[in-house]
Amino acid sequence: MVEFDFHSTFVPTSKDKHIDASHTYLISIVGPTAIGKTALSLKLAQHFNTEIISADSRQFFKEMQIGTAAPSQDELAAAPHHFIQHTSIHSPYSVGAFEKEAIACLEALFKKHRIVIMVGGSGLYVDAVTKGLDDFPKVADHIRPTLNQALETKGLLHLQEQLKTLDPKSYDTIAIANPHRVIRALEICIGTGQPYSYFLNKKEKKRPFKTLTVGLTADRSIIYDRINKRVDIMMAEGLLDEVTALEQYKTCNALNTVGYKEIFNYLDGTWPLDVAVSEIKKNTRRFAKRQSTWFKRNQDTLWFDYLDDTTHIIDTITPHLK
């Protein structure tokens with residue numbers, strides 16, 4: 001269970017002590033990796049004198065700092081944060097658990113803040129908070145073991161190609177580098193005869209707050225260049241040492257992610273280091289493309305260029321926070 005740390009410089013005034021729940025807003029900051037979401041979240045949190053919850057599923061784990069680009073100690077000190085390195089890679093943590101804990105956290109935060117910031121590039125986790133998780137029909141018990149066996153014998157690429165055939169929409173949007181996500185999607189496709197994507201966003205849960213989604217974007221070439229530079233910075237900051245220290249735990253689901261699995265391939269002699277680094281960059285670029293596809297589904301998002309001045313962004317979104 002998450003322990004919510006609600007320390008804050010916020011001091012309620014007589015006007016703020018009884019905040020009308022119908023006027024509370026979650027500002028959700030989305031966009032591809034390396035676009036500047038963390039920096040914007042800090043500026044908005046300071047402007048609105050509020051707190052930040054993270055919806056970046058990779059930054060939940062305390063053992064993973066460099067490879068997930070988790071906020072620095074200075075950034076964490078700039079505004080109260082929640083769901084940053086709050087659990088361990090050894091503790092299973094699902095999107096369903098996150099949904100329940102994040103909603104409980106928001107209920108507490110909205111008792112003292114009219115506005116709360118959420119930031120993160122994990123689309124499924126963002127949607128879990130803002131819309132609620134989708135309901136899927138029950139499927140036959142034998143399907144998942146069969147898919148797990150196919151993963152063992154034929155590899156992830158085989159399952160990815162199968163998903164591409166059965167549900168190209170999901171293939172283009174889910175984290176296909178994550179075998180658990182691929183197997184879950186295939187399980188639904190095979191078990192129901194319908195694409196996994198067919199069951200998405202069927203019915204949104206009613207939330208006791210309004211959501212204003214703010215998106216950051218840039219030309220693809222700029223995003224890719226920022227990703228390449230970020231990976232170089234990660235390597236300079238000690239990503240190799242971080243992953244080496246976790247090698248004995250590489251079967252943990254949390255570590256089956258970009259930036260870690262590639263270096264595991266270097267450590268076991270599969271690739272030279274320069275190839276592993278190149279693969280991190282390539283896979284992160286692919287991840288960014290999927291993020292953009294996912295977030296662009298929301299027609300209500302207010303999009304801004306990554307270079308837009310914070311004052312302009314604040315001036316634009318403030319009229320929506322009525």
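1. In this predicted model, the side chain of Thr 50 reaches the backbone oxygen of Ile 115 at 2.4 Å. Thr 50 itself lies in the loop between helix H1 (37–47) and strand E2 (52–54).

2. Leaving aside neighbours within four places in sequence, Thr 50 is in contact with Ala 45, Ala 79, Pro 80, His 113, Ile 115, Val 116 and Ile 117.

3. The next point concerns a pair of helices. The axes of helix H3 (residues 95–109) and helix H4 (residues 123–130) come within 9 Å and cross at roughly 45 degrees. H3 and H4 are therefore oblique to each other, and their crossing is right-handed. On the H3 side, the contact is made by Val 95, Phe 98, Glu 99, Ala 102, Ile 103 and Leu 106; H4 contributes Leu 124, Tyr 125, Ala 128 and Val 129. Sorted by class, the contact of H3 with H4 has nine nonpolar residues, no polar residues and one charged residue.

4. Asn 283 is placed in helix H12 (residues 273–295). With a relative accessible area of 16%, Asn 283 is classed as buried. Its side chain makes a polar contact with the side chain of Glu 262, at 2.8 Å. Not counting residues up to four places away in sequence, Asn 283 touches Val 258, Lys 261 and Glu 262.

5. Thr 173 is found in helix H7 (residues 168–173). The side chain of Thr 173 reaches the backbone oxygen of Lys 169 at 3.0 Å. Once neighbours within four places in sequence are left aside, the residues in contact with Thr 173 are Arg 290, Thr 293 and Trp 294.

6. One further separation may be noted for Thr 173. Thr 173 and Lys 229 are 56 residues apart along the chain, and their C-alpha atoms are separated by 24 Å.

Technical notes: Residues numbered from 1 in each chain as written. Predicted model: local features only at pLDDT ≥ 70, side-chain atom pairs only at ≥ 80, totals over all residues. Heavy atoms only, no water. Helix = DSSP H or I, 4+ residues; strand = E, 2+ residues; numbered from the N terminus. Polar contact = N/O pair within 3.5 Å; in protein donor to acceptor, adjacent residues only side chain to side chain. Contact = heavy atoms within 4.5 Å. Axes fitted to C-alpha atoms, helices over the stretch in contact; angles between N-to-C directions. Parallel < 35°, antiparallel > 145°, perpendicular 65-115°, else oblique. Left-handed = near helix turned anticlockwise from the far one by under 90°. Nonpolar A, V, L, I, M, F, W, Y, C, P; charged D, E, K, R; others polar. Buried < 20%, exposed > 50% of the residue type's maximum accessible area, 1.4 Å probe, protein only.
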